[in-house]
Amino acid sequence: MLTTNKPYYYAVIPVLLSSLIGDKYRLRAPIITFNSLCLITGFAMLGFADQVTVRYIGTFLATGAYISNWAALNCYQANNITGQWKRVVSAASITACNGLGGVAGAFIVRQKEAPRYMTAIWVSIGSILNASHLIIIAIIAAFTLYFLYANKKQRKGETVIEETDGFRYTY
């Protein structure tokens, strides 16, 4: 059991680093994007490399990035949504999508594809059910541009964001 959990033990390091850096600089979007790229790289290493060592390192990279992004996405939504019910629905949606990835994993990892599991690799990189990190990068970019625009209008006194005086989005 200890050998299968090593990537999860390692994941504590990127989670803590992502959280500390995000809190210090009050930036989540660059961290989410970085983690998404690390996850894609890790899956590519896992799926396309021939050397076992490279594939093993890819497992660590992907696991650390995946778990770090779950935490970062929860912080991102908590920082940018006001109102108890909107936050609850948002947090539940993130958790549900995260759980759907596990459900999908049960069906896409096929024994006949061992040891490479290429269907699982491709679906993990790009499926909507698995909270695709390619889609996450695009959504985060769009929200960041919108948040910059909304904050600019708020600073000029042209609008009130989230019906809360003085509220500004973080990105």
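I was working on a predicted model, in which local features need pLDDT of at least 70 and side-chain atom pairs count only at pLDDT 80 or more, while totals for chains, interfaces and linings use all residues. Residues are numbered from 1 along each chain as its sequence is written, and side-chain values use heavy atoms, with hydrogens and water left out.

**Helix pair**

I looked up the axes of helix α2 (residues 29–48) and helix α6 (residues 133–155), which come within 9 Å and cross at roughly 165 degrees; axes are lines fitted to C-alpha atoms, for helices over the stretch in contact, and angles run from 0 to 180 degrees between N-to-C directions. Helices are DSSP runs (H or I, at least four residues) numbered from the N terminus. I recorded the contact (heavy atoms within 4.5 Å) as made by residues of α2 including Ile 32, Ser 36 and Leu 37, and by residues of α6 including His 133, Ile 137 and Thr 144. By class, this contact of α2 with α6 has nine nonpolar, four polar and no charged residues; Ala, Val, Leu, Ile, Met, Phe, Trp, Tyr, Cys and Pro count as nonpolar, Asp, Glu, Lys and Arg as charged, and the others, Gly among them, as polar.

**Salt bridges**

I found a count of two salt bridges, each needing a side-chain nitrogen of Lys or Arg within 4 Å of a carboxyl oxygen of Asp or Glu. One joins the side chains of Arg 28 and Asp 23 at 2.4 Å, N to O. Arg 28 is buried at 8% relative accessibility, and Asp 23 is partly exposed at 48% (buried is under 20% relative accessible area, exposed over 50%, partly exposed in between, with a 1.4 Å probe and protein chains only). Glu 162 and Lys 86 form a salt bridge with their closest N and O atoms 2.5 Å apart, and this pair links distant parts of the chain, with Glu 162 in the segment after α6 and Lys 86 in helix α4 (residues 84–108), 76 residues apart. I noted Glu 162 as partly exposed at 21% and Lys 86 as partly exposed at 46%.

**Cys 38**

I placed Cys 38 in helix α2, where Cys 38 counts as buried at 14% relative accessibility. Leaving aside neighbours within four places in sequence, Cys 38 is in contact with Leu 61 and Ala 65. I also noted that Cys 38 and His 133, 95 residues apart in sequence, are 9.8 Å apart in space, C-alpha to C-alpha.

Conventions
Helices (H or I, at least four residues) and strands (E, at least two) are DSSP runs, numbered from the N terminus.
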